[in-house]
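Keep the sequence and the model side by side as you read.

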Amino acid sequence: MRRLILMAIASATFVTTAFLVGPSLRAQTPAPAAFEVASVRPNKSGDGRVMLGVQPGGGFNATNVPLRLLLRQAFNVQDFQIVGGPDWIGSDRFDVIAKAPEGVEFTADVMRSMLRSLLVERFTLAVHNETRDMPVYALMKARTDGKLGTKLTPATVDCAALGRGRRGGGPPPAPPQPGQKMDCGMMIGPGRLNAGGMPMSNLATALAPQVGRIVLDKTELMGNYDFELSYAPEAIGSVGGPPPLLNGGPLPVDPNAPNLFTALQEQLGLKLDSQRGPVDVVVIDRIEQPVAD
């Protein structure tokens with residue numbers, strides 16, 4: 001749960017990151033779960049920082065977040081899978097403080113269900129799901145001989161066994177330093193993706209928000225891999241657009257860094273092939289400004 005929220009923070013501040021787990025739109029069913037108490041207020045600070053997190057005991061806090069980010073969290077989708085709605089859902093900012101009932105196991109799915117209920121109650125949200133034929137990318141091997149890049153190698157650590165060994169206690173591993181290989185897990189930052197012990201499907205999911213399309217894993221690479229990708233960060237879902245912001249200011253960009261498409265080929269030996277395919281989307285039928293607490 002903590003990793004899910006940390007990734008959402010990254011997506012809000014400088015670059016959209018992928019949700020690596022969660023049900024499809026079709027698998028999401030209405031649930032009666034709701035926060036016990038919740039406060040929603042407009043944020044007019046003009047601060048470029050966005051904060052989103054959970055607290056022990058079922059607390060949910062969001063500061064200076066656009067409504068689109070809350071929608072993405074609630075329905076576990078990328079920005080390009082949200083269709084319709086007024087412009088203010090991406091420009092107006094809100095502070096949300098909510099608390100789950102005592103004794104509720106506050107899992108990621110429960111959090112999403114409660115957040116959906118909050119959006120219905122406070123923003124009069126009404127949506128429906130559709131599957132649309134849309135542009136997608138297929139993640140494939142770039143070379144006809146199947147040779148991979150030097151930054152993509154079979155995993156050297158059995159992360160499943162390592163996880164079982166930690167169930168008895170002990171602190172989680174420290175995040176890797178710049179240039180240091182990651183054993184298990186994935187870290188995503190501006191122009192950088194570092195992963196250890198991950199399947200290619202997770203890489204495809206992580207790439208989707210960077211390119212503004214669903215990415216399908218068609219690499220035919222089985223098992224888990226270690227990979228490291230460095231590239232010039234660009235506008236979310238718009239390759240070639242202006243660079244994203246970090247805490248309200250422009251990111252430092254290496255002028256010699258390749259774009260994402262080139263980096264995939266040069267460093268991982270993979271490519272993104274443009275295709276069309278079915279994409280689940282959330283269509284906004286009604287949404288209104290909330291009444292402030």
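Predicted model: local features only at pLDDT ≥ 70, side-chain atom pairs only at ≥ 80, totals over all residues.

Residues are numbered from 1 along each chain as its sequence is written, and side-chain values use heavy atoms, with hydrogens and water left out.

Begin with the overall picture. The protein has seven helices and 14 strands. Both are DSSP runs numbered from the N terminus: helices are H or I with at least four residues, strands are E with at least two. Of its 293 residues, 42% count as buried. Buried means under 20% relative accessible area, exposed means over 50%, and partly exposed lies in between, with a 1.4 Å probe and protein chains only. Contact means heavy atoms within 4.5 Å. Among contacts with a separation of 6 or more, 78% come from residues 24 or more positions apart.

Now find helix α2, residues 67–75. Nine of its nine residues are buried, so α2 is largely enclosed by the rest of the structure. The buried set includes the charged-type side chains R68 and R72. Just after the helix, N76 takes a positive phi of about 55 degrees.

Which helix does α2 cross at roughly 135 degrees? The partner is α4, residues 108–123, and the two axes come within 7 Å. Axes here are lines fitted to C-alpha atoms, for helices over the stretch in contact, and angles run from 0 to 180 degrees between N-to-C directions. That angle makes α2 oblique to α4. Angles under 35 degrees count as roughly parallel, over 145 as roughly antiparallel, 65 to 115 as roughly perpendicular, and the rest as oblique. The crossing of α2 and α4 is left-handed, meaning that the near helix is turned anticlockwise from the far one by less than a right angle.

Look at the side chains there. From α2 come L67, L70, L71, Q73, A74 and F75. They meet M111, R112, L115, R116, L119 and F123 of α4. These residues divide into nine nonpolar, one polar and two charged. Nonpolar covers Ala, Val, Leu, Ile, Met, Phe, Trp, Tyr, Cys and Pro; charged covers Asp, Glu, Lys and Arg; the others, Gly among them, are polar.

Move on to helix α6, residues 200–211. Its 12 residues should span 16 Å at 1.5 Å a residue, and its end C-alpha atoms are 17 Å apart, which agrees. The expected span is 1.5 Å times one less than the number of residues. In α6, 10 of the 12 residues are buried, so it is largely enclosed by the rest of the structure. M200, N202 and P209 are among them. G212 follows α6 with a positive phi near 70 degrees.

The axes of α6 and α7 (residues 260–268) come within 12 Å and cross at roughly 155 degrees. That makes α6 roughly antiparallel to α7. L203, L207, Q210 and V211 in α6 meet L260, F261, L264 and L268 in α7.

I188 sits in strand β8, residues 185–189, and counts as buried at 15% relative accessibility. I188 and A206 are 18 residues apart in sequence and 8.2 Å apart in space, C-alpha to C-alpha. E234 lies in the loop between β11 and β12 and counts as partly exposed at 21% relative accessibility. E234 and Q210 are 24 residues apart in sequence and 8.1 Å apart in space, C-alpha to C-alpha.
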